[in-house]
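Please keep the sequence and the coordinates at hand while reading.

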Amino acid sequence: MYRVISAVVAACVVLCATSASAQYRSTRKEHKGPRAIAVIEFPQATADEASAATQPKPKTPVKYAPRLIPAIILNNGKYFDADAYMATPVPWAIQPATVYEAREAGESKGLFTIQRAAADANKNWIATGVWDSAEAIAARAEAKRKADEAKKAREAALKEQAKDTGPPKLKRGGGPETTKPTQKPIPPAPPATDDDPDRPRMRRGVSDEPTAAGKPEAPQAADPDAPELRRGRPAKDSPLVTAPPPAPKQSAVQLSNNKVLAAISDATPDDDRSFLFLWKPEEQKRLTKLMSNMAEAELASGAEGDTSSANGKGRATKKISLENVQVRAFDPATNNEAVLVLTASSPMERKNASALNQYVTLVAHVDLDNLPHKLFSSVTDDEHLDTVGILQLVDAVDSDGDGRAEFLFRRIGKNEQKFELYRSYGSQLLKLF
């Protein structure tokens, strides 16, 4: 009897899980690609670099040119390493004129148009091009709108003036002076914009943009019948500014501290939606404290590498202090269920007093009791970057265009970097790539 009941219960669980899975799949939008995911990196100046570049007195921090790093590409329903996919020799995902839209937790932050790509000393492909932030695009659109309104107002005033005065009339001298009709002031002409093709333009030096006669054609992909990613050229009204200098070579720790944005190139447009979890200040403070306690336990346990199970309370005699703590809250399925991601570092005590840091990345799901439960963690230190790199959170990004977000991480090793993609399912975090 016990075996029969157990079998029936197991069958019901399987059927419920299958039904729930089928129900979820039925709501997904089928999209097999191509959809390229990249990371736009904004290198930061280190303290030594900033002081050297601002002699004799500190001035503004050094600003380096943003760069785009290919991460993952979805094609025919499968994920591939974009750094090597269909390379001829430049990978398909970073061919010139490819346009990427930068997004932060699902919301648009700007456009990056690739101009050229090259491999660095570690054979990692890096693309350079034109970065146009959402703020700059909106400002130019507003300026154009105001210019159009001023132009229409001037044209309307000229028509009204011609209507009031009428054609010129001959007058005989000596007669009574007639009162001239009061003319309405004509608004000044709006300043010329880039939309006026006849306006003269000044040019300084040699522009990075190729001329129409000598513009190089984009290299063709290995498969001539393959569908295209989003293609285009920099906006006609993009500001022409002097490009910042490229960033110098950075260590793994410096790379992990750079500001990054996830970016997507896809010929099939999708709607913007926010994957941020909106929490109250008191809730943020409480959950951040709980996540920090969990991270301290991860470091105190002595475990290194990636784990998906809780490591207990850790060693009571070992004191852990966290630095550079960042906790971000996401709602990947847009169903008001929070997934928290913590990143932090911790100085290690050593007998020889040499500086050594540990690095922890922790992912947790908030249950119905509003308590975080560990899904995944990654721990490493300065001496093991060649085996376990620093796991840097890039962002929550919709990798397949189905309206649900996945988590994009960059693992930075001593001499290499790679990208990893995870999807959360309740109490599980599944690795997709």
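## Packing around Ile-94

Apart from its neighbours within four places in sequence, Ile-94 is in contact with Leu-68, Pro-70, Ile-114, Ala-117, Trp-125 and Ala-127, a contact meaning heavy atoms within 4.5 Å. This is a predicted model, in which local features need pLDDT of at least 70 and side-chain atom pairs count only at pLDDT 80 or more, while totals for chains, interfaces and linings use all residues. Residues are numbered from 1 along each chain as its sequence is written, and side-chain values use heavy atoms, with hydrogens and water left out.

Ile-94 also belongs to the largest nonpolar core, where, of 22 residues, Ala-36, Ile-40, Leu-68, Ile-73, Ile-94, Tyr-100 and Ile-114 touch the most other members. A nonpolar core is a set of buried Ala, Val, Leu, Ile, Met, Phe, Trp, Tyr and Cys residues joined through side-chain atoms within 4.5 Å; buried means under 20% relative accessible area, exposed over 50%, and partly exposed in between, with a 1.4 Å probe and protein chains only. At least two residues of this core come from each of strands E1 (35–42), E2 (67–75), E4 (99–104), E5 (107–119), E6 (125–133) and E7 (259–265), and E1 supplies the largest share, 4 residues. Helices (H or I, at least four residues) and strands (E, at least two) are DSSP runs, numbered from the N terminus. A second, separate core has 21 residues, among them Trp-279, Ala-300, Val-360 and Val-379.

For the chain as a whole, there are 5 helices and 16 strands, and buried residues make up 37% of the 433 residues. Among contacts with a separation of 6 or more, 61% are accounted for by residues 24 or more positions apart.

## Pocket and cavity

The second largest pocket has a volume of about 640 Å³. On a 1 Å grid over the protein atoms alone, a pocket is an open set of points with protein on both sides within 12 Å along at least five of seven lines, a cavity is a set of points where a 1.4 Å probe fits but cannot get out, and lining residues have an atom within 4 Å of a point. Grid points are joined across faces, edges and corners, and a volume is the space filled by probe spheres set on the points.

Of the 26 residues that line this pocket, Ser-256, Asn-257, Gln-326, Thr-343 and Gln-392 are the closest to its centre. Strand E13 (390–397) is one of the elements that give two or more residues to this lining, and E13 gives the most, with 6 residues.

A search of the whole structure finds 2 cavities of 30 Å³ or more, and the largest cavity has a volume of about 70 Å³. Its lining consists of Arg-103, Gly-106, Ile-264, Asp-270, Asp-271, Arg-273, Phe-275, Ala-396, Val-397 and Asp-398.

Arg-103, in strand E4, is buried, with a relative accessible area of 10%, and its side chain makes a polar contact with the side chain of Glu-101 at 3.1 Å. A polar contact is a pair of N or O atoms within 3.5 Å; within protein, one must be able to donate a hydrogen and the other to accept it, and residues adjacent in sequence count only if both atoms are side-chain atoms. Phe-275, in the loop between E7 and helix H5 (281–300), is buried as well, with a relative accessible area of 3%. Phe-275 and Asp-395 are 120 residues apart in sequence and 9.7 Å apart in space, C-alpha to C-alpha.

## Backbone geometry

Most residues other than glycine have a negative phi, and most peptide bonds are trans. In this model a cis peptide bond, with omega about -10 degrees, joins Thr-88 and Pro-89. Ala-105 has a positive phi near 55 degrees and is buried at 2% relative accessible area, whereas Asn-324, with a positive phi of about 55 degrees, is exposed at 61%.
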